[in-house]
Amino acid sequence: MEPKNTAAAYNQIAQWWQVKHQNSQYGIAQLERAIAFTSKRQTAIDIGCGSSGRFIKILSNHGFLAEGLDISGEMIELAKQLHPNVTFYQEDICSWIPGKLYSLISAWDSTFHLPLNLQEPVLKKLCHALEPEGVLVFTCGGGHKSGEIAGSFQGQDFEYSTLGVDAFLRILSEHQCTCRHLEYDQLPENHVYIIAQKT
């Protein structure tokens, strides 16, 4: 699925997403674990922030100047209503050029929608956008092989891709990031989250 199609699908469910996820605890413990690795708490950004801004709230509560990025215009407009003082970017992560370095970058259940050929360049970009000792937390499909799958959610069609865990770890290492935590957190689902830190 091309990013523009992902945006169109999420536009259709943005209102539902805000209602259902505003107080959701999904992914919060994992984000808290990533925050524990940070040595500085300056600017943070949530990639694929959605319409609820729930990660934004947690990051702000921990002293970060939080920002959000999402390709869905509907998601961004709703998130702004809840968090009017936060900087949001309606951007495609593939073409977005970070204007600063971040103490923490989260990409929870977002970049796994990217086409397979865009996974590596986007992960490299996120590594480069970290300040020294900055922390990245992101989700991906597990296993050792690359692949793509399709599925549906709330009546919308989505596609997902993964390079495989070994490839993600290689890219992190090649771009001065060390894996601090890797977990299959939804067994038997093939869902992995990785916390990495810039060395």
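Predicted model: local features only at pLDDT ≥ 70, side-chain atom pairs only at ≥ 80, totals over all residues.
## A helix and what covers it

What sits over them? As background, an α-helix has 3.6 residues a turn, so residues three or four places apart point the same way.

## A strand enclosed on both sides

Next up is strand β9, which covers residues 191-198. How many of its eight residues are buried? Eight of the eight are, so the strand is largely enclosed by the rest of the structure.

In a regular strand the side chains alternate between the two faces of the sheet. In β9, one side carries His191, Tyr193, Ile195 and Gln197, while the other carries Val192, Ile194, Ala196 and Lys198. Both of these faces are covered, and the residues on them are all buried.

## The partners of β9

Which strands pair with β9? One is β5 (residues 130-141), which lines up with β9 in the antiparallel sense over seven bridges. Within this pairing you can look for Phe138, whose bridge partner in β9 is Ile194.

Another is β8 (residues 177-184), also antiparallel to β9 and joined to it by seven bridges. Here Thr178 has Gln197 of β9 as its bridge partner. Going from β8 to β9, the chain passes through a hairpin of six residues.

## Aromatic rings that meet

Now for the rings. Searching the whole structure turns up twelve aromatic pairs. One of them is Tyr26 with Trp108, an edge-to-face pair with 5.6 Å from centre to centre and 75 degrees between the planes. This pair links distant parts of the chain, since its two residues are 82 residues apart. Tyr26 lies in the loop between α1 (3-21) and α2 (28-36), and Trp108 in the loop between β4 (102-107) and α5 (116-128). Are these two buried or partly exposed? Tyr26 is partly exposed, with a relative accessible area of 29%, whereas Trp108 counts as buried at 7%.

Tyr89 and Trp96 make a tilted pair, because their planes stand at 50 degrees, with the ring centres 6.2 Å apart. Trp96 has a relative accessibility of 3%, so this residue counts as buried. Finally, there is an aromatic cluster to find: Tyr10, Trp16, Trp17, Phe153 and Phe158 form it together.

Terms used:
Residues numbered from 1 in each chain as written. Heavy atoms only, no water. Phe/Tyr/Trp six-rings, centres within 6.5 Å; stacked < 30°, edge-to-face > 60°. Helix = DSSP H or I, 4+ residues; strand = E, 2+ residues; numbered from the N terminus. Buried < 20%, exposed > 50% of the residue type's maximum accessible area, 1.4 Å probe, protein only. Pairing = 2+ DSSP bridges.
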